[in-house]
Amino acid sequence: MEFALIRLFLTDEEWTATELSQVLPVEVSAISRMVNKLVERGLLSRRRPKNDRRIVLLRLTQEGIELGLELHQRVHEYETRLTAGIDEEEIDALQSIVRRILINSSAIGRS
């Protein structure tokens with residue numbers, strides 16, 4: 001899940017914890033724990049905009065960007081090898097199933 005979170009920052013520079021929880025199938029409390037770990041490891045930084053000090057914006061540090069890009073490349077290479085010979089339609093079906101499993105898992109965790 002930490003990789004999924006870091007990967008989101010490669011597509012959009014800044015996020016709030018609430019925005020992340022709307023995109024990832026994880027509760028805000030779990031996002032907060034992940035963010036804290038990544039901040040402690042020097043991969044994420046926090047900042048408060050001057051116009052609204054209640055908001056905390058998160059962004060990757062330079063180290064986080066480098067790690068994110070490296071991980072993205074490695075995962076892409078690995079996925080390419082894993083999915084050799086599988087057509088796009090089959091991959092789409094698998095992704096849909098995995099998304100549903102993650103959503104179900106999150107719902108079970110809340111009950």
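What share of the 111 residues of the protein counts as buried? The answer is 24%, where buried means under 20% relative accessible area, exposed over 50% and partly exposed in between (1.4 Å probe, protein chains only). The model is predicted: local features need pLDDT of at least 70, side-chain atom pairs count only at pLDDT 80 or more, and totals for chains, interfaces and linings use all residues. Residues are numbered from 1 along each chain as its sequence is written, and side-chain values use heavy atoms, without hydrogens and water.

**View 1. Elements of the fold.** The protein holds 5 helices and 2 strands. Their order from the N terminus is α-α-α-β-β-α-α. Helices (H or I, at least four residues) and strands (E, at least two) are DSSP runs, numbered from the N terminus. The C-alpha trace spans about 50 × 35 × 25 Å along its principal axes.

**View 2. Arginine 46 in its strand.** Arginine 46 sits in strand 1, residues 44-47. Its relative accessible area is 43%, so arginine 46 counts as partly exposed.

**View 3. A positive surface patch.** Arg46, Arg48, Lys50 and Arg53 form the patch. Patches take residues with over 30% relative accessible area and no salt bridge; like charges are joined within 9 Å, nonpolar side chains (Val, Leu, Ile, Met, Phe, Trp, Tyr) within 5 Å. A salt bridge is a side-chain nitrogen of Lys or Arg within 4 Å of a carboxyl oxygen of Asp or Glu. Lys and Arg count as positive, Asp and Glu as negative; His and the chain ends are not counted. Each charge is placed at NZ of Lys, CZ of Arg, CG of Asp or CD of Glu. Accessible areas come from the Shrake-Rupley method with a 1.4 Å probe; for residues, only the protein chains shown count as cover.
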